[in-house]
Amino acid sequence: MKKMMIAGAALLMSLSMLGQTPLNIQTKKSTVSVNQDMYGIFFEDINFGADGGLYAELVKNRSFDFPQNLMGWNTFGNVSVETVGGPFAKNPNYVRLLKSSHPEKYTGLENEGFRGMGFAKDASYRFSVYARAKSGEQKIRAELIDEQNEIIDKKVVVINGADWKKYQVVLTSNREVLKGRLRIFFESGEQVDLEHVSLFPTDTWKGRESGLRKDLAQALADLHPGVLRFPGGCIVEGTDLNTRYQWKNTVGPVENRPLNENRWHYTFPYRFFPDYFQSYGLGFFEFFQLAEEIGAAPLPVLNVGLVCEFQNKDTSVQVPVNQLEPFIQDALDLIEFANGDSTSKWGKVRTDMGHSKPFGLKYLAIGNEQWGKIYPERLEPFVKAIRAKYPTIQIIGSAGPSSDGKDFDYLWPEMRRLKTDLVDEHYYKSPDWFYTNATRYDKYDRKGPKVFAGEYASHDATTKKANNYLSALSEAAFMTGLERNADVVRLATYAPLFAHVDAWQWNPDLIWFDNLHRMLTPNYHVQQLYSQYKGTDVLAALSAGQPLTGQNGLYASSVKDAKTNTIIIKIINKEMKAQTLNIVLDGYKQKVASVKMVRLQNDNLKAINALGKPDQFVPEEATLELVGSKFDFSAAAQSFTILVIQLSDAKVSDTGKTPGLHGQAGKPTVFTIGDSTVKNGDGTGSNGQLGWGTYLGDFLNLDSVNVENRALGGRSSRSYIEEGLWDKVKSSIKPGDYVIMQFGHNDGGAPNDVQRPRGTLKGNGDEAKNFYMDATKDSLLIHTFGFYMRQYVNEARALGAIPIVCSLIPRNHWTDGKINRDDKTYALWARQAAEQTGAQFIDLNTIIADKYDVLGQNFVECLFVADKTHTTMTGAKLNAFIVSQGVKGLKDCKLSSWVK
Ligand code: AHR
């Protein structure tokens with residue numbers, strides 16, 4: 001034994017000297033199973049994450065119940081706030097509009113939204129209001145207003161009746177407006193009362209009226225979260241008992257959910273947001289519903305009878321232990337609300353809200369960041385009551401606000417004494433801490449409560465805590481320790497989740513957004529990759545007998561996934577140089593395996609994603625081939641790589657194949673580049689839209705070629721280059737590869753558009769023009785569409801690849817029963833660029849248009865989603881087939897022989 005260890009150490013030393021690190025994966029010895037809820041999300045209404053964020057309501061202070069009743073509103077003419085006689089007892093205020101004193105003067109009001117209102121082009125918005133008329137017929141007019149004070153759309157609402165009734169109209173925006181407003185004119189009549197004035201996009205998550213913002217909810221779904229912790233965080237505690245989060249106030253009809261102060265409005269006086277309140281439109285029912293829809297186990301956090309201990313040093317303000325009964329009852333009632341049948345009091349409330357099926361609650365946290373004796377003495381009666389009535393609920397206690405220290409050391413034994421199932425640990429620390437703490441859980445006590453890493457994030461103070469690549473990479477390294485210790489750490493959620501770019505209190509945050517767009521951070525991608533590749537069982541991954549936890553700057557962990565029949569290896573290289581790992585798969589007998597490699601890499605640790613460039617930093621994927629059970633793997637400098645080895649019973653012969661891991665050795669790769677019609681979102685169809693690049697491989701002989709779809713939604717011929725996406729493709733190209741390119745859908749806008757600076761000059765000429773760019777405050781030389789297409793062709797060729805230019809697929813626009821063609825603009829210019837450079841050309845625009853004309857408009861409608869540009873799965877498959885047929889028809893192109 002001793003001898004072996006010395007041999008192992010000697011091997012490690014000699015390999016280290018060679019710059020190589022051994023890594024042994026014990027594929028047959030699974031020690032621990034991975035909790036399928038393990039990686040999740042933590043939602044708190046901080047940074048305008050709920051009102052102004054995920055909750056899609058555009059009107060701020062819709063019920064006039066902010067302490068300053070008209071905050072968020074501008075009134076003109078004759079408007080007063082009334083407090084008696086409103087329709088909703090818990091939100092008593094409403095406004096009264098009286099006819100103005102002069103025919104040329106007006107009465108009305110405007111709402112400023114949450115740092116403006118975002119109106120998307122061609123999107124519609126439902127304006128609704130509870131109203132009553134003093135007498136007869138009264139008319140109000142709802143208007144969407146843009147930043148230049150222009151009216152975008154307007155509709156009249158006739159109010160007829162002295163009883164409160166709900167009225168609604170739908171307004172449409174014909175342009176994108178980031179900071180618009182809602183204006184309401186009192187058009188005619190004597191007196192009208194208005195309450196609960198609301199404006200929602202009609203296109204919400206799951207199409208729900210008054211629902212959630214679709215792009216943000218989709219971002220959560222795309223994380224594949226196992227658990228959803230809500231609603232906080234500090235807001236659970238409140239600054240005082242009155243303003244603590246009380247779940248019962250957040251259920252039932254939204255109009256009658258009483259407003260609450262949001263403690264993040266004053267928590268940091270240097271980031272002060274006096275207009276930050278909680279409408280509770282996103283309440284506990286909606287949280288449970290969201291959790292169910294995104295496949296996450298709900299994990300509510302309830303107040304333990306303590307208000308925020310940071311803000312209340314005087315313990316006499318806390319609820320005495322002998323007066324905790326209503327708080328404990330809230331916890332029991334919540335379990336009934338989530339899991340009780342429709343005959344129970346709270347199960348009925350849930351049923352009445354439209355969900356008779358129980359939500360299947362299994363986790364419940366009591367207390368957030370509490371510390372000192374005052375916490376366990378309050379937690380204890382909660383535990384007793386919950387255990388007595390609901391013994392299967394897993395109770396989560398807190399280890400306080402720090403990852404170590406006096407309070408932490410006191411609370412852990414207390415949680416053991418109280419036998420909580422899990423203990424919630426929080427750590428907001430430096431990247432170095434995260435790298436060092438990859439070993440944190442290796443020596444944790446295996447008995448007693450498990451760990452819930454309920455709030456964590458790597459804070460790079462040198463960049464004012466930006467969501468940069470350094471923070472993401474250090475989190476990825478740390479998370480190998482979570483994965484390796486999946487028997488101890490059962491749940492983990494990054495924090496905080498959301499931040500509005502104009503109204504944040506805390507950074508870093510996982511997802512940033514403005515009123516219309518979202519930006520996924522590098523940290524988001526790390527979370528997503530862990531969740532997506534969490535596996536089912538942990539495999540030992542050892543370097544000379546030890547876990548790889550920073551030796552040579554390398555980190556590794558491994559799992560097997562019984563569901564997908566794969567072995568998954570995660571490797572982080574934090575060094576600035578590539579490093580080789582000599583990987584041995586112990587006990588693995590398969591001769592040949594297909595390996596998916598997913599990688600985040602950047603030479604610049606300060607790299608970030610930005611709103612205008614949300615996808616410049618995304619994981620890349622490649623398909624490799626593994627022959628045998630040993631291989632050298634070169635971990636790129638500053639990279640997080642996941643190798644997914646597909647196990648299979650198929651007996652694939654390795655005759656003539658060289659052992660090792662091969663990046664497409666002997667096989668050319670077909671790279672597809674372009675926009676969302678080639679690859680939509682992450683290319684998996686999770687948003688219901690797909691590009692043809694996802695399916696091209698279905699029509700090619702994959703024994704002879706690999707396909708890598710490197711297109712990205714929203715990109716023009718110019719921005720694909722500017723954002724470094726083309727550089728990444730170039731660094732993967734080897735002689736004999738193919739580059740199939742299709743751009744044009746996003747080239748038409750203004751070159752210096754503030755939101756999306758991606759337009760190119762029209763045409764195919766050599767002219768170029770300087771434009772001042774808002775983002776860089778500098779000028780930039782912009783070329784024609786044809787110029788950029790020629791650049792792709794020439795540069796691909798210089799690397800030995802074969803470029804194939806495609807004209808753009810048509811949009812779903814028809815005239816007189818014929819699909820509109822682009823043959824005078826982008827399709828023409830793409831053809832010209834191909835002719836000028838002698839590149840292969842597929843006239844997709846014409847071929848697909850011909851096909852669509854034959855199929856007819858009714859049929860073709862089904863190939864597109866509602867926006868007329870993006871295809872459904874069937875549409876994408878048809879287009880991929882047509883591309884493959886286009887390839888088949890190319891002369892002097894070897895690729896044509898590999899079309900099935
Ligand atoms: O995530 C932000 C805050 O950090 C949470 O509200 C609190 O629990 C922690 O202090």
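Predicted model: local features only at pLDDT ≥ 70, side-chain atom pairs only at ≥ 80, totals over all residues.
Which residues surround the ligand? We have Phe42, Glu44, Gly233, Cys234, Trp264, Asn368, Glu369, His426, Tyr428, Glu455, Pro496 and Trp506.

Glu44 puts a polar side-chain atom 2.5 Å from an oxygen atom of the ligand. Tyr428 has a polar side-chain atom 2.7 Å from a ligand oxygen, and for Glu455 that distance is 2.7 Å as well. As for cover, the ligand on its own would expose 280 Å², and the protein buries 96% of that.

Let's move to a sheet. Here three strands make an open sheet, ordered β23-β24-β25, with mixed pairing. β23, residues 498-500, and β25, residues 518-520, sit at the edges with a single partner strand each, so one side of each has no neighbour in the sheet. From one strand to the next, the twist averages 25°.

If you want to look at the pairing itself, go to β24, residues 511-513: three bridges join β24 to β25, and the two run antiparallel. Phe513 stands opposite Arg518 in β25. And what packs on this sheet? That's helix α2, residues 214-221, which touches β23, β24 and β25. The direction of α2 makes about 15° with that of β25.

Conventions: Residues numbered from 1 in each chain as written. Heavy atoms only, no water. Pairing = 2+ DSSP bridges. Helix = DSSP H or I, 4+ residues; strand = E, 2+ residues; numbered from the N terminus. Axes fitted to C-alpha atoms, helices over the stretch in contact; angles between N-to-C directions. Contact = heavy atoms within 4.5 Å. Near = heavy atom within 4 Å. Polar contact = N/O pair within 3.5 Å; in protein donor to acceptor, adjacent residues only side chain to side chain. Areas by Shrake-Rupley, 256 points an atom, 1.4 Å probe, with all protein chains shown as cover.
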